[in-house]
Amino acid sequence: MTDKPFLYVVVCAAGVAEGVSKLITAAQERDWEVGVLATPTAMNGFFDAAAVETQTGRPIRSAWRRPGDPRPFPAPDAVVVAPATFNTVNKWAAGIADTLAVGTLCEACGLGVPIAVLPCVSGALAAHPAYQDAVARLRGMGVRFGDPYAGEAEGDGGRREFGWERALDLLPGG
């Protein structure tokens, strides 16, 4: 047991998810205790689950617990969704809690827990009216969004770094 604030990190299925350990390290350096929740698709090889469990010292949650099972994480003091995909943002805004990750986000909003989001969405998907409406709705609920990351190649053929620490900067006191 610790007196450190507890941060939920929600990981979605985007290629940059492989770098989630950078976010965990940054959060731990800022004195957060971290627990990771992942969408079921993200658990299918989008990041090194064993390494993340070692880094946090906790199991990754991706499925609902059974009635009577203890809660594996304490209640969150804040939540970061990174990378946040088109699908997750849209389902969350619509209240479609069909996965533990999205259900947890819906509940955290209702509890007033601070939430920061780093979207990883292509320009074409970000232009979709449903996505724009979802972002506006979530912002209206107090969710803080970082700049979207599309992951397209830059002029030199490389890709811009996904700014994991920006999510922590979006949280109150960040």
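A word on the source. The model is predicted, so local features need pLDDT of at least 70 and side-chain atom pairs count only at pLDDT 80 or more, while totals for chains, interfaces and linings use all residues. Residues are numbered from 1 along each chain as its sequence is written, and side-chain values use heavy atoms, with hydrogens and water left out.

Start with the fold. The protein has seven helices and five strands. Here helices (H or I, at least four residues) and strands (E, at least two) are DSSP runs, numbered from the N terminus. From the N terminus on, the order is β-α-β-α-β-α-α-β-α-α-β-α. The radius of gyration is 15 Å, close to the 16 Å that the globule rule gives for 174 residues, so the protein is as compact as a globular protein of that length. That radius is taken over C-alpha atoms, and the rule is 2.2 Å times the number of residues to the power 0.38. Along the principal axes, the C-alpha atoms fill a box of roughly 50 × 35 × 35 Å.

Of the 174 residues, 45% are buried, meaning under 20% relative accessible area, against over 50% for exposed and in between for partly exposed (1.4 Å probe, protein chains only). A contact means heavy atoms within 4.5 Å. Among contacts with a separation of 6 or more, 76% come from residues 24 or more positions apart.

Now to helix α4, residues 100–111. Buried residues of α4 include Leu-100, Val-102, Leu-105 and Cys-109. What do the buried residues of α4 pack against? The partners are β1 (6–11), β2 (33–38), β3 (78–84), α3 (86–94) and β4 (115–119). After α4 comes Gly-112, with a positive phi near 80°.

Is Ala-93 buried or exposed? Ala-93 is buried, with a relative accessible area of 9%. Leaving aside residues up to four places away in sequence, Ala-93 touches Ala-134, Arg-137 and Leu-138. Met-141 lies 48 residues from Ala-93 along the chain, and their C-alpha atoms are separated by 9.4 Å.
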